[in-house]
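Keep the 3D view open as you read.

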Amino acid sequence: MRFLLRRLLLFALALLGLSLVIFAALRVLPGDVATIMAGLNSPPERVAALRAQLGLDRSLPRQYADWMSGLARGDFGRSMLTGQPIGAQVISRAVITFPLIGLGLGLALLIGVPLGCVSLMAGSPRLRSLSHVLSIVGGSIPALWGGLLLILLLSRGVGLLGILPAQGFPDLGWSDPARAWASLVLPALTLGILVGASLMRYTRSALGELADSGRIDLARACGMTRNEALVRVGLRLVLPQLVSVVGLTFAEMITGAMVVENLFALPGLGSGLVTDLGGRDLIAVQSELFMLAAFFLAMGLLVDLLHRALDPRLKAAPGSGEAGA
Amino acid sequence: MSLHIDNLRVQLGDVFVVRSAGLEVGVGQRVGLIGPSGSGKSMITKAVLGMLPPGARASGSIRFFGQELLGLDERAMADLRGSYIGTVFQNPGASLNPVLTVARQVELPLRLHYRLSRAERRERVADMLARVGLTADLAGKYPGQLSGGQQQRVAMATALVTAPKLIVADEPTTALDSITQRQIIDLLVRLVDDTGASLFFITHDFTVLERACRYSYVLDQGRVVEHGPTDRLLAAPREPLTRRLVEAADALTLRAEDSGISEDHRLRPEPFLQPSLHDPRGRGNE
């Protein structure tokens, strides 16, 4: 319980620090937000009016306090580009990005962990080498190029097999779940291959270190085959570290999602952020960055809690019980 | 014959790590295999258990109650391990699964080899823990919460819970202090004798071997160079290596009269010291 409270406190402090960094990056760094948003050639009166409208003429502490109190109320302000509330805009984008990342992560785990095991345990040296080469190739292909290859191979219209939508998200959104998921398969596969290759290398390396350890020997001495011991004992032992690696890959997935959403014309958070940056809607960018940062921190918290739940060594205090044999 | 090894050769790449080794462990006997580091003891153990490293090749014969083990596939060997052959490794801290409680660790061979109800498993585990001298409250602890001696008792309980016919003990006391070593060996000997199992005890230390086994084989560079009753090997070693091992054990044996320190300065009474190998008073329970 104390651990949870301590982590929640750290989470809140980190969120506060990140909000300050994001706020300062857009306000304190050289360049006037109102001038940038209005356009560099706008007349001074328009810039002044925009500055007053956005509250940029107030003191920096006041601006920060206004922004934070708005966030606390769920009021993220309005987008300068679309005129929509930023909160609603972010949610409409997040319902595309988060399922995309979730599906991509699921595919990465499905690709990475089993292939990592195969590359270590396969009886055939050729199969081991093949899976090793796959991990190197998969991890070396940039998301943009990998996505293009998948479009050329699998998409309807231009692809060789023509079985999946090439681009876009259905107008009906999640009201048409079959088409919505289908539109996410190729982008998720692009992310999944990239991240799956990392997970595969990690799984192989972590299991490889354990393969000759006393823990695997004891499991075998109890009656498991080598492969059973590696899967049932080895994977369980590397699971806490694997969870941490998966948590870290979320950052990689978000970065990848920005590229992939633009490539597949998905109106998600990544492409929205690029659009808002291009349209100089810096107030929206500020809130979107803050939400992404909050999501990262929440994932970090979740990973820490999972890690602790999966590894009793972190909870168990050594030295209890009798002193000798 | 419980275990019969004949003309065993183990090859790692182009190197023979075991060359024509042969030994026998009779039913209910406790037999030791002693040799310095690199003599091939561990490879013989791994060959008996069918756990040779990938790429290693073994030839010759290893018979377990008449059944040839060399050439058995991994599944068949896994079926023998944990049910008919129990194993105690040298460093329990590095071999016990750190995410399993003591009870879950000890019941693992039962789960793998027998279809028992949860209650039956619990009963057997509780009985086994009591037999190795662990209190019931330790059943829910993790290995990291136990002392080295307690961990080795858990490892012995795991090896013996299915009442195997043969116990292979691969330097089971190496990671322990000298006092705990004696307790663990005495316990292992008692448990093995109680169950009627055979013991194949591997060590590099005659001090330890003397307490555990009546008969021993001396291994050097992959070959058995001498064998016989352990007390005969200690009293009249014929081979230079055996003599060196006996001398090394003697050197490790602390004797207050050799230390040059007055008895008045002793922190603990004499029974805490290692017995002299050649002193009949220190011959353990053999």
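**A helix pair, a sheet and a chain contact**

H9(A) passes H10(A) in a right-handed crossing. Before going further, please keep in mind that this is a predicted model. Two packed helices are described by the angle between their axes and the distance between the axes. Here, the axes of helix H9 (residues 214-222) and helix H10 (residues 226-263), both of chain A, come within 9 Å and cross at roughly 130°. That angle makes H9(A) oblique to H10(A), because angles over 145 degrees would be needed for roughly antiparallel and 65 to 115 for roughly perpendicular.

Which residues meet where H9(A) and H10(A) touch? From H9(A) come A:Arg215, A:Ile216, A:Ala219 and A:Arg220. Facing them in H10(A) are A:Arg226, A:Ala229, A:Leu230, A:Val233, A:Gly234 and A:Leu237. Sorted by class, this contact has 6 nonpolar, 1 polar and 3 charged residues.

Now turn to chain B. The UniProt annotation "domain: ABC transporter", from an unreviewed entry, covers residues 3-246 of this chain. That span is 40% helix and 27% strand, and its end C-alpha atoms lie 26 Å apart.

Within chain B you can find an open sheet of 4 strands, in the order S2-S1-S4-S5 and with antiparallel pairing. Its edge strands are S2 (15-25) and S5 (67-68) of chain B, each pairing on one side only. Look next at strand S1 (residues 3-12) of chain B: 7 bridges join S1(B) to S2(B), and the two run antiparallel.

Finally, let's see where the two chains meet. How many residues does each chain bring to the contact? Chain B provides 37 residues and chain A provides 27 residues. On the side of chain B that touches chain A, the elements giving two or more residues are helices H2 (74-80), H3 (92-95), H4 (102-113), H6 (148-160) and H7 (178-195) of chain B. H6(B) gives the most to that side, with 5 residues. By class, the side of chain B that touches chain A has 15 nonpolar, 16 polar and 6 charged residues.

Key. Residues are numbered from 1 along each chain as its sequence is written. Chains are lettered from A and ligands numbered from 1 in the order in which they are written. This is a predicted model: local features need pLDDT of at least 70, side-chain atom pairs count only at pLDDT 80 or more; totals for chains, interfaces and linings use all residues. Two strands pair if DSSP finds at least two bridges between them. Two residues are in contact if their C-beta atoms, placed from the backbone, lie within 7 Å. Ala, Val, Leu, Ile, Met, Phe, Trp, Tyr, Cys and Pro count as nonpolar, Asp, Glu, Lys and Arg as charged, and the others, Gly among them, as polar. Axes are lines fitted to C-alpha atoms, for helices over the stretch in contact, and angles run from 0 to 180 degrees between N-to-C directions. Angles under 35 degrees count as roughly parallel, over 145 as roughly antiparallel, 65 to 115 as roughly perpendicular and the rest as oblique. A crossing is left-handed if the near helix is turned anticlockwise from the far one by less than a right angle, and right-handed if clockwise. UniProt positions are given in the numbering used here, feature names are shortened, and annotations may be inferred rather than shown by experiment.
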